[in-house]
Each structure stands twice: as C-alpha cells, then as structure tokens.
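Subject: Structure handover

Hello,

The structure is pasted below for you to look through. My notes on it follow.

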Amino acid sequence: MKNRAWSQFCENRWAVAGLIILGIIHAAALFADFLAPYSFSNEERTYSYAPPSKIHFRDEQGSLVPPFVYGAEIKFDEYRRRIYQDKADEKYPLSFFVQGDKYKILGLVPTTIHLFGVKEPGRIYLWGADSRGRDLFSRLLHGARISLSIGILGVAISFSIGLLVGGIAGYYGGKTDDIIMRICEMFMMFPGFYLLLALRAVVPPNFNSIQVYLAIVVILSFIGWASLARVIRGMCLSLREREFVLAAKTMGLSDLRIIIRHILPHTLSYSLIAVMLSIPGYILAESSLSLIGLGIQDPYASWGNLLAEAMGIVQIKFAPWILLPGFFIFITVMCFNVVGDALRDVLDPKTSQ
Amino acid sequence: MLVELRGVKKHFAAVGAQNKVIKAVDGVDLVIKQGENLGLVGESGSGKTTLGRLILKLYDADAGSILFEGQDWAKLSSRELRPLRRKVQVVFQDPYNSLDPRFSIRAVLAETFLGQKLTKAAQEQRMKDMLKSVGLDEQALNRFPHEFSGGERQRIAIARSLLMNPKLLILDEAVSSLDVLIAAQIIELLKDLQAQYQVTYLFITHNLRVVKKLCQKIAVMNSGRIIEMAKTDDLFQQPLHPYTQELLSAALSYRSPKVETVYQFGEKSVLIDHGNGHFVVK
Ligand SMILES: Nc1ncnc2c1ncn2[C@@H]1O[C@H](COP(=O)(O)OP(=O)(O)O)[C@@H](O)[C@H]1O
Ligand SMILES: [Mg+2]
C-alpha cells in the first residue's frame, strides 16, 4: 500500500521536481560551509556591490585554459558609485578543494577546505556581493541553514504539541475537550503576524543571536500548534470509537499509551501533509521578522535579513542580484506547497478537490 | 457471583432530536455465575452491545450498579480501575477493526504483558503456546492483521483476550460476520478453551441457534430490557414470551425474525419466576 502511494506520487512530475529541489536546497544548507567559498562574515569592503564574477575559460588568444577570474579595477562614476572593470594582467585561477575560512564539517570536524575558491587577494563573487563586499552566494547558503532549520524546528515543536494536545482533547472528549478547544480558538483568533510581533516584543533586546534564533523558534511553535491540534482532535474523536482502541482500554493500558501508540499513528498521513503545507508559513514568518529587522541580526545571515538589503530601489537598480534571497524563499515555499498538495492527493483523496 | 447487575440504565441523547433519549439499556437486573456461560440474545438495536460495554466499563451507567466479584467499579478511581480491567475482556464483531492494523501480531499480543514482569523469552513462549491453543501457527507472530482472514483474526482476538487471564470474556457478535462453518469452528474452539483458561463467557448475539451449544443460560433482550431468562434447554423447549417464541422459530427455520416488535414496558414491569430459574417479564 505504501508502495502504491509512492508510485502514485511519482506520477506527479511537479511534485517530484519539487521534492528534488527541496532535497538539493536542504543538502546545500547542510554543507553550506563547504560549498561556500567564504564564511558568512568574510567581508572586503572595497568590493561593495561587486557584480557576479565572470568565469573565463579562454584566454586573450581564445585558446582553452583552466577557468580563471580577472582581478577587479575599481573606478568611481560622477555619483561616486563603484564601476568594476577586469584587470587584464591579474588572473586568478579558479581551483577546487582550496584552503579558506575555518569551519567544522556538520559542526564536528574542524577543517579549512572549501569546494572552490580563488587565491587572495583575488575574490570570487558567484552571485555578486552585498554592500559590505560579502559574497552573496556564501551568505545565501549560510542563510538557508537558518531559514530552513527554523521552519523545520518550529514545525517539529508545534506539531509535537499539537498532536499531543489534539490527541488528549479528542480521546477524552467532554469537558477536557471543551476547555482545550476554547484555548486553541483563543490562539487562532489573533492574526498571526500581529501575534508574532507582539510576542517578539516580549523578547529582551539584549539577547544574543542564538537566543534570538531560539526565541523565534519558540514563538513560531507557540502560534502554530493550535490549528493542528484542532484537526487532530477531530480525527481522534472518531478513532477512539474504533474497536482496537476500545480493546486497548479494556486491557487496562494507560490513556497516554493508547493515545500515542494506537490513536496518533493513524493520523500520520494527515500530519505529514499538514507538516509539508505548514513549513512555508514558518519560513515566511522568520523571513518577515528578519526583513523588518526583528529577526536574525547581521552579521548572521538568513534569507529574510539578506532580503532586507533589497528594500531600497536604488540598490535594486544597480545591484539586482540582492533580490536573490527572495527568489529562494519563493522557490522553497512553492516546492513545499507542491509536494504537500501532491501528498494530499495520494494519501488523503477525500479532502483534495 | 461473577457479575451482578441491579437496575442498570444507560440512555443516549438521540442524534438530531433534542430532548429525546434513546433508552439503550433501561433497567436490567442480571447475574452471571462463574463457569455458567450466558447467552444474551435479541434483535439488533435491543441494547446488547451497550449492556456489554457497561460491564466492560467502557460506558458509565446512568443508574443502577454493576458489581464485579462483589465490587462496584464505578466507585473506583481510574488508577484503581486500570489493573482490574484485565478481568473482563472482549472480542468484537468486526474482525477487521479489532486489531490495530499497524501492529504485527507479536506487537498485538505483547501488549498483554505490559505491567507484568516477564522475560522476553517467557513472553515469546506464552504467545506461541496461546497461538497454538487457538489453532494458529506460530509464524503468525511476524505477520500483520491484513494478512489474515476474518476467522483467523477472531482467533487472534481471542488469543489476545485470553492472554490477559480474564474471568469474564464478552463475545459481542463475535461470529456474526463469519460464515456458518467458520462460526461453528470458533464456537467449538471457545468450548475447548473454557476448561483450560477458567473463563466464563457472555455471548452476545442476535442468533439464538449460535448460543445453544455454548451457553448454559440464555437471556432475551428487547428495548433495553431483559424479557425472558432461562436455562438453555428450558428456553428452547418452552419459550414463554411471544418475542422469544418468534426468535426461536426464526432461528430454527434459518430465517430472520418476522416481528420486529418493540415492546413497551412500564416502570413496574418485573421478571416473574416460573420455577426452575425460568423468568419472564410481566
Ligand atoms: N454511543 C451511542 N450514542 C447514541 N446512541 C447509541 C449509542 N450506542 C448505541 N446507541 C443506540 O442504543 C440502542 C441500542 O444499541 P446497541 O446496544 O448497539 O444494540 P444491539 O447491540 O443490541 O444492536 C440503539 O438504538 C442505538 O442506536
Ligand atoms: Mg450490537
């Protein structure tokens, strides 16, 4: 039966493409320090808003050579904006597995090897630089770590709460159910973004980055659990009448065991769909907080605070690559939605239109 | 006395209609003695399942009391009740619903050992012995419910129940969805197991014929009341209530009962003894 669902899922090309893209993005986030030529805070201010480096495969004579980039000659125009030009006599070969900034592989093994890079003082900006001459490609990869992990962590926490609370409400029914559901409704009553801002305001301003990161995770989970709890509760109300649940009860098993072992697993396919469809909300919420400066703080990168650089029309005009984080947010959110929808079609044909 | 019911009532709110109640069980007095299997018969909707679930303490009675081995479970806290529950077990009608589809048979049976201090090896041995007792191969342990037929699933459900060492086993239409031959085999199995496991059966069915072999005593139920109760032979030879007579003739001629009668009972109507433990409602 699982196999049939899987092959049905594979028939949906968009969903498969979405799943593959998500896989790539998450893998890239996981190995961000290795894939990125620079650390997230490596800056070179003379390269403010440097455009994407051109990688050359042919020399001046037009013969094929190992890839290289030119050094940059920086001039200023009449508005004192930088104009970057290639220096014909400065070539920096692009090499692989090079020494660079220190980091730890998966936070464990210390190393300095990066997938690719160029020798100092040359710099490579695959997707351009930001105002402080930091490599946008590197920062996007590091930002993916924060943005994606906030989504996953937030969903994991709020789903644990939602499942358990919904399970308890649905299993016991009666007064317990009434009270829990009223509390859920209270949470669902507030428009999410304002609640988010209000809760963020409660977090002390002197928190360091890790504390802010955790605070955002907690806040997002705090907002997100209620809607799931409500649906799970509805499913549990009917599951508790199933005969294997009644049998478990007559066997004297504890209520918690019955809920966790016999009831909640049957909501699994629904939960999986709901997880897929709600992760984008968490990613967007983090991005909006960071965009307006209430989330992850510089020099740490998240897709939201990277996008914050793109709030001025002048910057967008002269350095359009700073819009890239928005593109990644968009792609990721789309992929989660496409995959979630496809899962729903496969696992839960009743509710999909 | 294993179980004693006194004036037990259970009313449900009718779905859709306000202020209307369904009197699923409406004043039942009943005694189940150790080793004396009781057949509870009556057509669908007469309240048999509800009565069974009241004894199982899956429902709380609205009125009256249910004593199990002289103890009223309604007076216990849920913490005190849980360890006692194993004494009354149940096998349901729908074999496709009574085993958690996500559990292997080993996992289904292993849950019966929770709270007991048994080594893994001892558990394994007991599960294998029990499967053999109910006529299944020990290979079944690694398989899942959907790999078994309805009859085999009922055997597994019986195995699970008996592993709990119950005093009373309630079989709620346990063979009603099986075909006649398989049903007869299960009845035979239950008879064989009884001596070995020292268990008493409460056999709930709408089909009088099924209970004849297994039960020493029969209670006939209609509209939430017991309307006749007698030793099996007496009831088959001399049914007193017209409803029982109809049930009986239907059962013997392999058809469904003609009259779908719902009898109205006053508050005062009681069971009258006709001698030899044969009671009929008046
Ligand atoms: N949980 C319930 N809620 C509401 N009505 C119920 C419930 N359980 C049973 N009933 C009603 O009580 C009556 C007796 O049902 P039941 O005990 O299942 O009878 P039987 O098992 O003899 O067919 C029926 O009219 C049924 O609709
Ligand atoms: Mg029934």
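For residue classes, Ala, Val, Leu, Ile, Met, Phe, Trp, Tyr, Cys and Pro count as nonpolar, Asp, Glu, Lys and Arg as charged, and the others, Gly among them, as polar. On that basis the shell around ligand 1 holds four nonpolar, six polar and two charged residues.

This is a predicted model, in which local features need pLDDT of at least 70 and side-chain atom pairs count only at pLDDT 80 or more, while totals for chains, interfaces and linings use all residues. Side-chain values use heavy atoms, without hydrogens and water; residues are numbered from 1 along each chain as its sequence is written, with chains lettered from A and ligands numbered from 1 in the order in which they are written.

The residues around ligand 1 (a heavy atom within 4 Å) include B:Phe12, B:Ile22, B:Glu43 and B:Tyr59. A polar side-chain atom of B:Thr50 lies 2.5 Å from an oxygen atom of the ligand, and one of B:Lys48 lies 2.8 Å from an oxygen atom of ligand 1. Strand S2 (21-32) and helix H1 (48-55) of chain B are the elements that give two or more residues to this shell; H1(B) gives the most, with three. Helices (H or I, at least four residues) and strands (E, at least two) are DSSP runs, numbered from the N terminus.

In chain A, strands S2 (residues 64-76) and S3 (residues 82-93) run antiparallel, joined by nine bridges; two strands pair if DSSP finds at least two bridges between them. A:Phe68 has A:Pro93 in S3(A) as its bridge partner. Five residues separate S2(A) and S3(A) in this hairpin, and A:Arg80 in the turn has a positive phi of about 60°.

Regards

Definitions and conventions
Polar contact = N/O pair within 3.5 Å; in protein donor to acceptor, adjacent residues only side chain to side chain.
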